[in-house]
4 protein chains.
Amino acid sequence: MSMNSFGHLFRVTTWGESHGPALGATVDGCPPGVPIEAEMLQHWLDKRRPGQNKNTTQRNEPDAVKILSGVFEGQSTGTPIQLMIENTDQRSKDYGDISETFRPGHADITYWQKYGIRDYRGGGRSSARETAARVAAGGVAREAIKALAPNVEITGYMVAMGDLEIDRSTFDWDAIGQNDFWIPQGPEVAQEWEAYLLALRKAHDSVGAIVEVVARNVPAGLGAPVYGKLDTDLAAAMMSINAVKGVEIGEGMAAARLRGTENADEITMGENGPEYSSNHAGGILGGISTGQDVVVRFAVKPTSSILSPRKSIRKDGSPIDVITKGRHDPCVGIRAVPVGEAMMACVILDHMLLHRGQVGENRGKIG
Amino acid sequence: MSMNSFGHLFRVTTWGESHGPALGATVDGCPPGVPIEAEMLQHWLDKRRPGQNKNTTQRNEPDAVKILSGVFEGQSTGTPIQLMIENTDQRSKDYGDISETFRPGHADITYWQKYGIRDYRGGGRSSARETAARVAAGGVAREAIKALAPNVEITGYMVAMGDLEIDRSTFDWDAIGQNDFWIPQGPEVAQEWEAYLLALRKAHDSVGAIVEVVARNVPAGLGAPVYGKLDTDLAAAMMSINAVKGVEIGEGMAAARLRGTENADEITMGENGPEYSSNHAGGILGGISTGQDVVVRFAVKPTSSILSPRKSIRKDGSPIDVITKGRHDPCVGIRAVPVGEAMMACVILDHMLLHRGQVGENRGKIG
Amino acid sequence: MSMNSFGHLFRVTTWGESHGPALGATVDGCPPGVPIEAEMLQHWLDKRRPGQNKNTTQRNEPDAVKILSGVFEGQSTGTPIQLMIENTDQRSKDYGDISETFRPGHADITYWQKYGIRDYRGGGRSSARETAARVAAGGVAREAIKALAPNVEITGYMVAMGDLEIDRSTFDWDAIGQNDFWIPQGPEVAQEWEAYLLALRKAHDSVGAIVEVVARNVPAGLGAPVYGKLDTDLAAAMMSINAVKGVEIGEGMAAARLRGTENADEITMGENGPEYSSNHAGGILGGISTGQDVVVRFAVKPTSSILSPRKSIRKDGSPIDVITKGRHDPCVGIRAVPVGEAMMACVILDHMLLHRGQVGENRGKIG
Amino acid sequence: MSMNSFGHLFRVTTWGESHGPALGATVDGCPPGVPIEAEMLQHWLDKRRPGQNKNTTQRNEPDAVKILSGVFEGQSTGTPIQLMIENTDQRSKDYGDISETFRPGHADITYWQKYGIRDYRGGGRSSARETAARVAAGGVAREAIKALAPNVEITGYMVAMGDLEIDRSTFDWDAIGQNDFWIPQGPEVAQEWEAYLLALRKAHDSVGAIVEVVARNVPAGLGAPVYGKLDTDLAAAMMSINAVKGVEIGEGMAAARLRGTENADEITMGENGPEYSSNHAGGILGGISTGQDVVVRFAVKPTSSILSPRKSIRKDGSPIDVITKGRHDPCVGIRAVPVGEAMMACVILDHMLLHRGQVGENRGKIG
């Protein structure tokens with residue numbers, strides 16, 4: 001039992017603090033024979049990396065991932081893959097003044113209350129920087145999925161930010177990679193979002209967001225009832241990401257408003273198996289994938305580190321007005337997109353392996 | 001690793017099918033010396049039990065729980081507590097016609113696709129009847145919490161059902177146990193909810209709901225970053241309940257709309273420790289409890305078993321219109337209230353034990 | 001994490017005390033579609049059951065196992081299989097006098113020291129009666145192995161008891177089931193063992209034993225380095241059996257006396273794959289099966305419950321001479337044979353599933 | 001579930017291959033506030049390190065451990081501690097010739113059979129070099145134990161090597177650190193052992209050994225029945241060490257020869273609690289510590305890498321005579337001493353934390 005690990009057969013343990021020498025992920029359970037190179041993982045890290053565009057923090061680190069074990073001559077060997085990212089741009093000075101102060105909305109106070117000691121530099125272990133390790137591990141998961149089920153595609157994108165929301169009638173898969181917000185919308189919409197965020201930054205404020213991650217072409221039958229359900233594991237995976245306050249599968253919270261006649265996706269027999277009239281279920285029934293798109297959404301709260309003063313206390317109980325200087329995204333939801341994708345990849349791979357272990361390749365036939 | 005277990009140190013494994021001889025929970029990790037009698041557990045089971053009122057199913061079973069192990073002379077011994085509930089009212093005939101049919105919105109098709117065999121009687125393992133075992137286990141957790149931290153109170157209630165929503169300005173804790181919906185509202189509101197549900201039942205329809213569970217007086221410091229966070233474990237616990245499609249902590253999905261200046265709960269020093277100006281965080285920062293109320297909400301989709309016909313297919317792929325007869329709640333959310341409470345109790349106890357194991361009783365002092 | 005569970009994908013949790021209402025095993029991870037009937041499990045329980053012959057205790061219980069879940073129409077469904085054995089012959093009176101006394105060699109004192117409460121009746125949870133649940137679970141494992149790899153054979157037998165030892169030059173597989181000691185020797189040897197044990201019983205004494213369990217036709221490649229090695233898991237499984245004090249794989253402790261030129265099993269290429277000149281390794285190299293016989297031995301200490309007085313103390317610290325009346329085997333090693341077999345079956349099945357999950361069916365080819 | 005991890009609350013995951021860039025251990029669950037510096041860990045690594053004396057291999061690496069996370073200003077923070085040891089002296093050329101060959105007694109053939117790919121350089125993951133990571137993690141465990149229970153002492157030593165055995169009547173704790181074999185005997189005996197080993201080396205041979213590890217002043221009550229027993233976990237921990245073929249607790253395999261009147265340790269009441277007339281039990285009853293010395297022994301097989309030719313096959317099935325050149329200990333048992341100590345430390349700490357989590361500090365009183 002490790003509180004810094006997730007997954008059943010594909011097991012990822014992350015380690016490291018924001019301003020320590022390095023951070024990384026110990027990835028256990030990657031099947032042997034999967035082609036893995038540092039470049040493959042770097043691709044996804046670069047997507048998450050701060051300093052990529054003007055809407056994310058200005059901390060400029062290469063976030064170069066090194067593979068220390070588990071890969072031999074370009075292929076996984078079935079042994080633990082150690083992924084390390086060195087912290088090269090630490091600027092600890094920026095954080096010295098928070099050693100005795102609890103920043104509102106941050107984990108400063110609770111880490112102190114729990115452990116009686118905390119690495120206060122940049123939030124230490126509670127920093128969103130930990131998610132870099134997830135993205136690296138997710139890169140390994142993606143390669144393993146590719147080897148096992150080449151058609152699976154995992155894509156994340158933002159669907160809302162503060163008052164803005166995407167227009168699903170103009171949803172454009174291709175646009176996602178072409179703007180700074182990972183939104184499935186054309187360049188005019190992206191400009192609008194950019195202006196909105198710029199105004200917030202100038203107002204010394206920040207804003208929340210909603211990210212959606214979809215896995216397409218997932219085989220039916222993944223998920224292990226009743227406490228290792230695919231949706232259970234996805235909910236845990238997403239809720240474990242920093243600043244996430246809500247997780248939805250398919251219809252999500254809105255399911256509460258629906259009637260039974262509206263909600264249940266009707267089934268017909270198609271050429272390649274069952275087809276569904278709709279996907280309120282988000283691709284999961286009884287915790288097991290149906291073969292439809294697996295759809296997860298999660299809400300990210302606004303960045304707590306803002307330049308506007310907020311009341312708080314010091315360790316000694318004395319009051320203080322906190323203004324958080326330093327390099328901070330006005331919307332951490334942007335960088336949560338590749339993190340959500342990485343978590344989805346890890347969970348899907350894990351359940352592919354688990355299904356193989358528990359059931360084998362024989363599944364019930366239909367038609 | 002068991003896919004039918006949850007919890008770290010307080011570990012619950014449920015077993016059993018809707019129409020088998022019995023179902024139950026193997027509860028491991030209850031501390032020794034906790035007073036436990038079957039009656040204590042029965043209290044909570046009776047709260048969940050169908051046939052209690054006209055808004056839940058008419059299946060009338062005593063759901064009597066037996067303690068088969070782990071309790072000696074009225075006290076837990078530290079060994080596994082086996083809780084068994086015999087299925088006395090099975091009426092398997094009602095379900096014979098679904099052996100070849102996949103009911104829309106149910107797990108019939110996915111269990112078949114995964115396992116190639118399924119106990120179709122009443123949904124087998126995927127039946128909401130499994131939650132009786134959770135409620136029994138939750139009863140054990142409640143007694144153990146009482147022994148360790150007598151002030152902790154765990155209360156669930158409905159906050160929305162279809163088009164209806166509670167009015168938080170008239171929130172009444174005492175009213176919760178006095179109506180059939182576990183709503184914190186007076187009798188007139190309850191009557192309105194009852195009329196709404198009756199109309200749905202007559203229309204052969206069903207509806208979704210939102211349940212909120214609050215744990216009060218939880219000590220600060222519970223939760224184990226970064227993948228055993230208190231909110232991560234709560235999200236998994238709630239999402240694992242049948243029909244749940246979304247989970248929120250504190251502000252939940254609405255956090256996406258907030259600005260940083262609105263969202264971060266400001267901290268001041270009170271007589272008994274830190275106090276917060278608000279509770280957008282839902283009592284959890286960085287995955288660790290703050291000492292504020294821990295607030296979780298989850299959405300339950302509408303009952304899929306309805307008397308209105310829905311298109312589906314048989315195992316052989318042929319089309320069929322499914323009407324689900326039998327005894328079914330028009331709103332399964334009602335019975336999800338005690339289940340949500342049980343899951344909250346299990347998670348809170350688990351993290352109390354975990355904190356003790358990992359950190360001991362020394363916590364960081366403030367002031 | 002459960003301290004009453006073992007196994008990775010095939011996960012067995014036992015529960016129950018010697019003199020409670022029942023005991024049993026929650027078996028999770030049995031693949032779907034395995035034919036399972038209570039009679040199949042009863043076969044192995046009858047082998048273990050006391051009262052079978054005059055060399056084991058006179059406690060006469062049918063030990064009838066009931067299947068409460070996870071099996072539908074004679075086949076496993078992939079959901080947890082609950083196996084229950086009711087305690088029908090409890091005679092708690094026999095044990096009333098030990099409620100305040102710590103019997104030497106028993107867990108009475110340590111359970112008290114750990115938990116501050118103990119079910120003293122017949123040793124409670126620490127009774128060897130718990131092993132009945134293992135044997136039932138092992139029966140499930142055997143059926144699943146049969147479905148996956150029909151050639152695997154798992155056989156246990158005694159190789160030593162006190163001063164007696166088997167003669168390996170007259171080893172006879174067929175004789176094992178034909179005597180009360182499960183020894184691979186003819187009837188004259190069995191008579192000699194019986195006389196030896198009778199003399200001990202008359203002398204109010206007991207004796208230790210060594211049990212060997214062999215798994216034949218195990219496929220190469222099972223075992224998950226470096227902490228889930230096949231031998232690591234076997235060592236844990238056997239050491240967890242009551243009264244076991246040592247575990248050996250292949251050459252075992254005697255490997256310390258060997259030279260490198262003697263110990264390493266030489267390899268040649270046979271018609272069906274690699275062949276070995278010897279089996280010092282016990283069928284395991286680097287924690288992974290070679291395809292040779294997997295050979296495990298374990299030593300069982302003499303029964304601590306004897307009619308000869310032994311010095312001890314009561315809970316209040318006062319001295320007492322303990323004589324343990326009641327029904328006790330003079331050599332618990334005899335009944336440890338089917339228990340050892342059951343543990344071997346569970347471990348082998350677990351690693352077959354694990355290998356499938358982690359690696360799939362592709363293995364490295366030789367020749 | 002990770003196959004490269006062990007421990008419950010104190011959880012150690014090792015990673016890395018013999019000739020990769022680095023290896024190490026991810027240590028999760030170390031309590032916060034424990035003083036930890038790299039030098040403290042280095043002390044134990046130096047004890048294990050090859051090239052220390054002429055009886056171990058000549059591979060000369062500093063084995064310098066770096067702490068990458070989880071320690072802040074010289075104290076553990078409760079977050080994962082990443083320990084890295086870079087491989088500075090890799091000499092991969094020495095191993096190129098074994099890429100297609102299976103060395104007898106090694107895991108070459110089984111890794112190939114399992115994974116279909118292997119890092120053949122120096123045995124890859126199956127190399128005894130992995131144990132350096134264990135020793136580093138054991139160093140962390142020792143510091144945490146020191147903080148929690150300063151009197152606990154953990155000491156390992158050799159008790160047998162080939163035909164040689166220690167004389168328990170001249171057992172000398174102080175001598176253990178003063179000779180190259182970690183034997184509790186005076187310098188003359190050490191010279192005898194050295195001569196014995198030198199002769200073996202000249203004969204191009206190797207030899208097995210028995211190591212004993214004792215934990216003194218362990219509190220009563222540690223161990224979690226029935227599958228997380230202290231002896232169960234110790235058996236697994238020791239059997240997971242490379243080349244170990246047998247594990248004994250207390251009397252061990254010899255318990256089979258004892259009678260009940262000889263074996264059970266009699267109990268009397270001493271000034272500081274219960275006292276025992278002997279320690280056949282090895283400090284563990286029913287899987288729980290008694291407060292006596294916890295005594296574990298394990299047998300290490302002779303080094304398989306010898307200069308004498310042994311028959312084997314290549315990957316293509318063709319025969320080959322294998323002579324293993326390179327730097328190899330004639331008795332790997334010597335270096336297994338600090339590894340056994342490290343595993344003991346990890347298991348003891350783990351059960352101290354586990355006891356605290358499961359039971360708290362209240363234990364049953366005697367007297």
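1. Let's start with a term: a residue is called buried when its relative accessible area is under 20%, exposed when that area is over 50%, and partly exposed in between, using a 1.4 Å probe and protein chains only. Arg216(C), at 18% relative accessibility, therefore counts as buried. Glu153(C) is partly exposed, because its relative accessible area is 42%.

2. Some housekeeping before we go on. This is a predicted model, where local features need pLDDT of at least 70, side-chain atom pairs count only at pLDDT 80 or more, and totals for chains, interfaces and linings use all residues. Residues are numbered from 1 along each chain as its sequence is written, chains are lettered from A and ligands numbered from 1 in the order in which they are written, and side-chain values use heavy atoms, leaving out hydrogens and water.

3. Back to that pair in chain C. The side chains of Glu153(C) and Arg216(C) form a salt bridge at 3.6 Å, N to O; the term means a side-chain nitrogen of Lys or Arg within 4 Å of a carboxyl oxygen of Asp or Glu. Glu153(C) sits in strand β8 (residues 153-161) and Arg216(C) in strand β10 (residues 209-216), so the bridge ties together parts of chain C that are 63 residues apart in sequence. Helices (H or I, at least four residues) and strands (E, at least two) are DSSP runs, numbered from the N terminus.

4. How many salt bridges does a search of the whole structure find over all chains? The search gives 72. One of them pairs Arg310(A) with Glu266(B) at 3.7 Å, N to O. Arg310(A) is in strand β17 (residues 310-313) of chain A, while Glu266(B) is in the loop between α6 (260-263) and β12 of chain B, so this pair joins two chains. Both Arg310(A) and Glu266(B) are buried.

5. Chain B has a salt bridge to look at too: Arg142(B) meets Glu341(B) at 3.2 Å, N to O. Arg142(B) belongs to helix α3 (residues 131-148) and Glu341(B) to helix α7, 199 residues apart, so to speak linking distant parts of the chain. Arg142(B) and Glu341(B) are both buried.

6. Have a look at helix α2 (residues 108-115) of chain A. Eight of its eight residues are buried, so the helix is largely enclosed by the rest of the structure. Among them are Tyr111(A), Trp112(A) and Lys114(A). What do the buried residues of α2(A) pack against in chain B? They pack against β12 (267-270), β13 (273-276), β14 (284-285), β15 (288-289) and α7 (333-359).

7. Now for Arg48(A). UniProt, in an unreviewed entry, places a "binding site" feature at Arg48(A) and Lys54(A); positions follow the numbering used here, feature names are shortened, and annotations may be inferred rather than shown by experiment. Arg48(A) lies in helix α1 (residues 38-48) of chain A and is buried, with a relative accessible area of 1%. Not counting residues up to four places away in sequence, Arg48(A) touches several residues, including Asp63(A), Arg129(A) and Arg335(A); contact here means heavy atoms within 4.5 Å.

8. Last, the meeting of chains C and A. Eleven residues from chain C and eleven residues from chain A take part. Together the two chains bury about 940 Å², 63% of it on carbon and sulfur atoms; buried area is the accessible area (1.4 Å probe) that two parts lose on being put together, summed over both. Leu9(C), Arg356(C) and Gln358(C) supply 46% of the area that chain C buries against chain A, more than any other three residues. The count of salt bridges between chain C and chain A is zero.
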